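Subject: Structure handover

Dear colleague,

Please find the structure below, followed by notes on what turned up in it. Could you read the notes with the coordinates open?

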Amino acid sequence: MRSTTLLTGMVLISLWRPVFASEAVDTLLDEYRSEGVTEFSLEDGKVMWTQEFTDAETGKVRQCSTCHTADLTQEGKHEKTGKVIKPLAPSVNPERLTQIAEINKWFKRNCKWTIGRECTPQEKGNFLNFINAQ
Amino acid sequence: MSRIRVWDLPIRLFHWLLVFSFIATWLTEDNDRYLDFHVFFGYLFIGLLLFRLIWGIVGSHYARFAQFHYGFKAIRDYSKSLFSSHPQHFVGHNPAGSLAIFAIISLGLIVAVSGLLTLGGEEQHGVFAGLFSFAEGEIFHEIHEISAWLLLGVVGVHIAGVVVSSFLHRENLVRSMVTGYKMTETEQPSVNLHITVAILLLTILLISSGFYFQGYFTQTPDKPYLPFVGPQLASNETWQSECSDCHLAYHPSLLPSRSWQRIFKEQSEHFGDDLALDEETLTELGNFAINYAAETEVTEIAWKINHTVPLHDIPLRITETTYWKKQHHEIEDIIWQQQNVNSKANCSACHLDAKQGTFEDGAMRIPELID
């Protein structure tokens with residue numbers, strides 16, 4: 001009985017470790033590299049963040065900053081529902097960029113909404129570098 | 001001629017408080033926002049009627065039912081005499097007045113009890129909460145409304161009778177109900193004031209209203225008082241976090257399960273967004289939605305949505321449902337366009353319990369217009 005408790009405790013301790021933004025980001029960057037990307041550019045990510053895309057259906061201009069604002073340390077606002085979006089910058093919101101599944105989900109959802117297509121591994125890598133530095 | 005007290009203080013209080021509560025219930029019947037006030041005045045109304053029944057047995061001389069002149073013969077003779085040169089005069093209740101009182105008390109009890117039954121069935125609140133279904137509540141509601149209109153009619157006849165009688169007998173009956181005094185030529189008993197009973201009545205009223213409305217005095221802007229709290233509905237952490245990323249996590253009981261099935265099947269076209277949810281998440285959300293969809297009829301709103309959406313219809317938006325449209329058609333555009341409302345999807349702008357999914361009638365607050 002005691003040894004089981006001890007063992008469980010040890011397993012739990014070995015599993016428990018703080019998750020840092022860089023860890024999930026590193027894994028994803030490695031994944032993008034394996035898909036053929038050689039270099040990531042924070043600058044390109046920054047430029048694309050405010051780049052204007054016209055939605056084919058509504059004719060409205062869409063940018064990443066439409067919802068997230070140009071300053072990632074600030075709260076954003078959902079374009080349609082007005083729901084408040086917590087800051088994306090890991091410096092003020094440490095929960096950001098820690099879950100790979102979340103990052104993948106939001107890249108797919110938001111690239112399709114903003115640009116009208118999924119982002120390429122190159123673009124995603126650029127964005128991760130840009131956001132992570134905020 | 002001598003001046004005697006006919007109406008003791010409790011009778012006069014009863015009369016005018018009944019008038020007040022009757023008017024107040026009519027004024028608060030239309031707007032669900034004031035349901036708690038409507039219910040309070042309803043409680044006051046039934047309380048007064050019960051008091052009157054007791055006072056009709058143990059009260060002062062003219063208040064006692066035994067003193068009433070009623071019965072077929074009394075009414076016939078009285079009616080006949082009204083057209084003669086010497087109309088019969090009664091210091092207390094005349095036969096027509098006696099009849100009016102019996103009608104008002106019995107109809108009033110029907111109105112009040114059917115109101116309590118409606119509250120129990122439709123809202124699942126009050127003394128009859130949990131005893132009746134929503135459908136039964138709707139039947140009680142019908143009875144409540146019909147009997148209330150009938151009562152209004154009887155009150156109209158009663159007022160007309162008071163006016164006619166006041167002119168015929170050249171006495172101000174309304175003033176008598178205020179002062180308690182009447183003039184009489186014959187020897188008639190004058191009654192006691194019964195001030196203790198009157199004070200007791202007022203004290204009970206004051207304490208119970210303070211108790212009933214205390215929430216309004218202790219509320220804060222962040223935590224507004226909700227007079228009616230609905231049942232605790234099933235919740236799911238994934239549902240809460242995934243849905244509320246972009247909008248209010250609408251409780252599954254707000255749409256039928258076929259709607260939820262369609263929503264998750266079409267997740268890549270979710271109102272202009274590709275939700276991009278993974279299989280595991282999708283399954284969890286789908287199961288939660290189907291298990292707790294509108295078909296469960298856990299709340300009045302779930303029941304109403306479920307039985308008003310045509311079976312061939314698969315609405316994707318709650319705002320597309322018949323019930324939603326019916327409930328919101330009176331809301332002016334200017335309200336929807338307000339900054340703090342912004343969208344018809346923003347239920348919690350007005351419904352304080354939108355997050356809980358209960359949508360209680362009394363939890364509705366239309367925000368004030370901001371210029």
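In which helix of chain B is the place of B:Glu145? The residue sits in helix H5, which covers residues 134–168 of chain B. Please keep in mind throughout that this is a predicted model.

B:Glu145 has a relative accessibility of 37% and therefore counts as partly exposed, the class between 20% and 50%. Its C-alpha is 9.8 Å from that of B:Glu29, although 116 residues separate B:Glu145 and B:Glu29 in sequence.

Surface of chain B

Two elements of chain B each give two or more residues to the patch: helix H1 (9–27) and helix H6 (173–179). H1(B) provides the largest share, with four residues. B:Leu27 is located in helix H1 of chain B. The relative accessible area of B:Leu27 is 68%, and because the cut-off for exposed is over 50%, B:Leu27 is classed as exposed.

Contact between the chains

The contact involves 14 residues of chain B and twelve residues of chain A. Together, chain B and chain A bury about 1300 Å², and carbon and sulfur atoms account for 47% of that area. Four salt bridges are found across the interface of chain B and chain A. There is a salt bridge between the side chains of A:Lys105 and B:Asp245, with an N to O distance of 3.7 Å. The interface of chain B and chain A also has six residue pairs in polar contact, with both residues at pLDDT 80 or more.

Chain A

Six helices and four strands are assigned in chain A. Read from the N terminus, the order of elements in chain A is α-α-α-β-β-α-β-β-α-α. Chain A has 134 residues, and 36% of them count as buried. Among the contacts in chain A with a separation of 6 or more, 53% are between residues 24 or more positions apart. The accessible surface of chain A is about 8500 Å², with 55% of it on carbon and sulfur atoms.

Helix H9 of chain B

Which residues are buried in helix H9 of chain B? Within this helix (residues 257–265), they are B:Ser257, B:Arg258, B:Ser259, B:Trp260, B:Ile263 and B:Phe264. The cover over the buried residues of H9(B) includes helix H8 (237–243) and helix H10 (279–291) of chain B.

A:Leu97 lies in the loop that joins strand E4 (84–85) to helix H5 (100–114) of chain A. With a relative accessible area of 10%, A:Leu97 falls under the 20% cut-off and so is buried.

Is B:Phe359 buried or exposed? B:Phe359 counts as buried, because its relative accessibility is 12% and the limit for buried is under 20%.

Regards

Definitions and conventions
Residues are numbered from 1 along each chain as its sequence is written. Chains are lettered from A and ligands numbered from 1 in the order in which they are written. This is a predicted model: local features need pLDDT of at least 70, side-chain atom pairs count only at pLDDT 80 or more; totals for chains, interfaces and linings use all residues. Side-chain values use heavy atoms; hydrogens and water are left out. Buried means under 20% relative accessible area, exposed over 50%, partly exposed in between (1.4 Å probe, protein chains only). Contact means heavy atoms within 4.5 Å. Buried area is the accessible area (1.4 Å probe) that two parts lose on being put together, summed over both. A polar contact is a pair of N or O atoms within 3.5 Å; within protein, one must be able to donate a hydrogen and the other to accept it, and residues adjacent in sequence count only if both atoms are side-chain atoms. Accessible areas come from the Shrake-Rupley method with a 1.4 Å probe; for residues, only the protein chains shown count as cover.
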